[in-house]
Amino acid sequence: MEERKTVVRRMMLLIAVAGAIIGLYVLRLIFLQLVHGDEFAAKATNTTEYKFTVTAARGDIVDSYGRRIATSTTCYNVILNKLMMGDSDLNETLRQAVLLLQSCGESWNDEMLIGAPDAQGHYAFTDDPASESDQKALANLKDSLGMQQYATADDIMEKLVEEYELTGYEPGWQRVLAGIRYQMEQEDFSNLNNFILAENVSDQTVAAIKERSLTLPGVEIAETSARSYTDGTILPHVLGRVSKITAERWKVVDENGQVTYPLRDKGYAMNDVIGISGLESVYEDELRGKDGVETITRDANGVIIDTSITTEPQPGKTVMLTVNSEFQKAVDEALARNIQQIAETYGTAASAGAVVVLDVKDGSVLACSNYPSFDQNLYSTQYSEYSADPGLPLYNRALQGLYTPGSTYKPSVALAALLSGTITKDETVYCNGVYTYFKDYHPKCTRHGHSGDIDIVTAIKWSCNIFFYDVGRRTTSDVYDAYAYRLGLGVATGVEVGESTGRLTTKQDSNYTESLEVQAAIGQGNTVVTPVQLATYAATIANKGVRYRTHFVKALLDTNTGEVLEEVQPEIVDIIEDNMGAFDLVEQGMIGVSDTVSGLADYPYTIACKTGTPQRSETDENGKHYTNTTMIAYGPVEDPQIALGIVIEYGGGGSRAGNLVADIFNAYFFERSNTMTPVPEGQLLE
């Protein structure tokens, strides 16, 4: 009996001990799994996430009918992904990648201004001494290596070879690899920032890279987008260009040595594309879009365990222009054809010019042509030829060219004289061919088609210099300049892209004399204006004194849906009050001009115009000044729809632009129709 009790006590003790042990294990499990479960799970997995930018497609630029002018097309870049490289030899990976690119005829990302070694293994700088950006880049290269500015190309290469461990490579490869490695540093190559080794590569290169994916770790193909142009000749000066962000734009140093990174602060990466001129720059924020995010997850052993797009990129907005691309092409062709005809017919040196066509109703630009011009799609490959062309095809004459207006200025003086009360509508000035008001200065008039007592309508029709010498003198430049500004001359028109403002002749000019003032009244003197100002001026006269802001952009659209997000409304800049019919009188005179101009005299619609033959500073072998052709026009007078400003360099008589005006009106009204009815909107597209 006693023995049984002893056994039971021992069993109970064993059970108690076992229970205590089990309890301890349970408590330990609770501690591990419930209290610190997340912590230990994280330690077990030890994953790291890396986020990369997925570039959003740039928004399109389309014409007034929605036809693409500038768009983004899919292309492929070769990139280096440091995460995917692992422990591979960077220099050897780069060498193999370059060999592959060479075999496919591709170039690679290397902007270091040092050339290939010569036969003796020496290097030389490749900078342009006249290029400010080259000199800055070279100075930055030396500074970044801690070298003096007098360091030679050999000194720099010696430093780079040592820094990048390239001693085992022959000089040619040392230069190639050092250039790429330096570029990688400039573009902050890291686990979080891929490096673009080659851009817009061919399908052959894409296939070759993918075939070598196992032997070239971290060398990958990335789908991206590039700017392209449906027709690169449409509005190249206005559209502007995009480009990769340069070092100068990325790192900004002010006069105090303070360094800032404004584009980085706005969310750009160093290798992003940005608008650098024209509408591409002005509407950068709208066109850019919102980049997406790709997340790559790596475990504790460095193995990539997941790659996914965690934020989808959103394309930029579409910018719709007021320009009809078909009409623009017709105006381009008409300008080129008429300049060539003027040169051949009159034996002049005419070889360049510009024309701007506006919608009278709202100031929108319908066409903006320069001749000669260039092709956006060929800009990169033919830049040297374009920039060396004496015809200056890259020069935006329409918006930035400054020209003496000549007699096209006379309607503004007539309006100023009438509206200020200097003259009445019936007042006349006697023209005998010589202005004798000044004792020692007697400017002349051709008296073409007129003589004797001349009223304002006749003076405009036959462009009587004597009338405008006298009326301009009495009105004074203070007054007629004030009206010219309000009409749109010598001031910014409001276009979204860069324009010259020009200037008028004033009493504050250093060379001012009374004789200069009367010359200014016929559009000479120091006065210079742009073709877009001439068009704006013509439209303001057509509107009887209402001036609209001149503009290229019609609306912003949602790229995915086409929905109008923001529409540009017509903006009235100025209204010139006219209670006496001054604009009607000026219009009568301008209609009279058309009756004297070839191409317009028998035109089916009534066109109002004013010609000009302003002198240039250059003279021929006989000492006679060369002259430009200038013209303003609008019509139909009964219901004005379009207004034009034209300049043809070395064209001679202003009336020589008459056929060009007729061609432009034909393109606008009759090109797709054999009737005398304006073409309905959209019919030009057929």
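The following dialogue explains how to read several features of a predicted model.

User: What should I know about the model before reading it?

Analyst: The model is predicted, so local features need pLDDT of at least 70 and side-chain atom pairs count only at pLDDT 80 or more, while totals for chains, interfaces and linings use all residues. Residues are numbered from 1 along each chain as its sequence is written, and side-chain values use heavy atoms, with hydrogens and water left out.

User: Which residues does the UniProt domain annotation cover?

Analyst: UniProt positions are given here in the numbering of the model, with feature names shortened, and annotations may be inferred rather than shown by experiment. In this case, an unreviewed UniProt entry carries the annotation "domain: Penicillin-binding protein transpeptidase" for residues 353–665. Helices (H or I, at least four residues) and strands (E, at least two) are DSSP runs, numbered from the N terminus. Residues 353–665 are 29% helix and 20% strand, and the end C-alpha atoms of this span lie 18 Å apart.

User: What is the volume of the second largest pocket, and which residues are closest to its centre?

Analyst: The search uses a 1 Å grid over the protein atoms alone: a pocket is an open set of points with protein on both sides within 12 Å along at least five of seven lines, a cavity is a set where a 1.4 Å probe fits but cannot get out, and lining residues have an atom within 4 Å of a point. Grid points are joined across faces, edges and corners, and a volume is the space filled by probe spheres set on the points. Here, the second largest pocket has a volume of about 1,200 Å³. It is lined by 41 residues, and the closest to its centre are Thr446, Thr613, Thr627, Gly653 and Gly654. At least two lining residues come from each of α18 (456–461), α19 (465–475), β21 (608–612) and β23 (625–627).

User: How many residues of each class are in that lining?

Analyst: Ala, Val, Leu, Ile, Met, Phe, Trp, Tyr, Cys and Pro count as nonpolar, Asp, Glu, Lys and Arg as charged, and the others, Gly among them, as polar. The lining of the second largest pocket has 22 polar, 12 nonpolar and 7 charged residues.

User: How many cavities of 30 Å³ or more does the search find?

Analyst: The search of the whole structure finds 1 cavity of 30 Å³ or more. The volume of the largest cavity is about 50 Å³. Its lining includes Leu358, Val360, Thr536 and Tyr548. Two or more of the lining residues come from each of α22 (531–542) and β17 (546–548). By class, the lining of the largest cavity has 5 nonpolar, 4 polar and 1 charged.

User: Is Ser325 buried or exposed, and with which side chain does it make a polar contact?

Analyst: Buried means under 20% relative accessible area, exposed over 50%, and partly exposed in between (1.4 Å probe, protein chains only). Ser325 lies in helix α14 (residues 325–346), and it counts as buried because its relative accessible area is 5%. A polar contact is a pair of N or O atoms within 3.5 Å; within protein, one must be able to donate a hydrogen and the other to accept it, and residues adjacent in sequence count only if both atoms are side-chain atoms. The side chain of Ser325 makes such a contact, of 2.7 Å, with the side chain of Asp63. Contact in general means heavy atoms within 4.5 Å. Apart from neighbours within four places in sequence, Ser325 is in contact with Asp63, Arg67 and Ile234.

User: Where is Asp509 found, and is it buried or exposed?

Analyst: Asp509 is found in the loop between α20 (477–487) and α21 (514–520). Asp509 is buried, because its relative accessible area is 10%. Its side chain makes a polar contact of 2.9 Å with the side chain of Asn526.

User: Which peptide bonds are cis, and which residues have a positive phi?

Analyst: Most residues other than glycine have a negative phi, and most peptide bonds are trans. Here, the bond from Tyr371 to Pro372 is cis, with omega near -5°, and a cis bond also joins Gly635 and Pro636, with omega about -10°. Asp188 has a positive phi near 55°, and Tyr650 has a positive phi of about 60°. Asp188 is partly exposed, with a relative accessible area of 43%, and Tyr650 is partly exposed at 22%.
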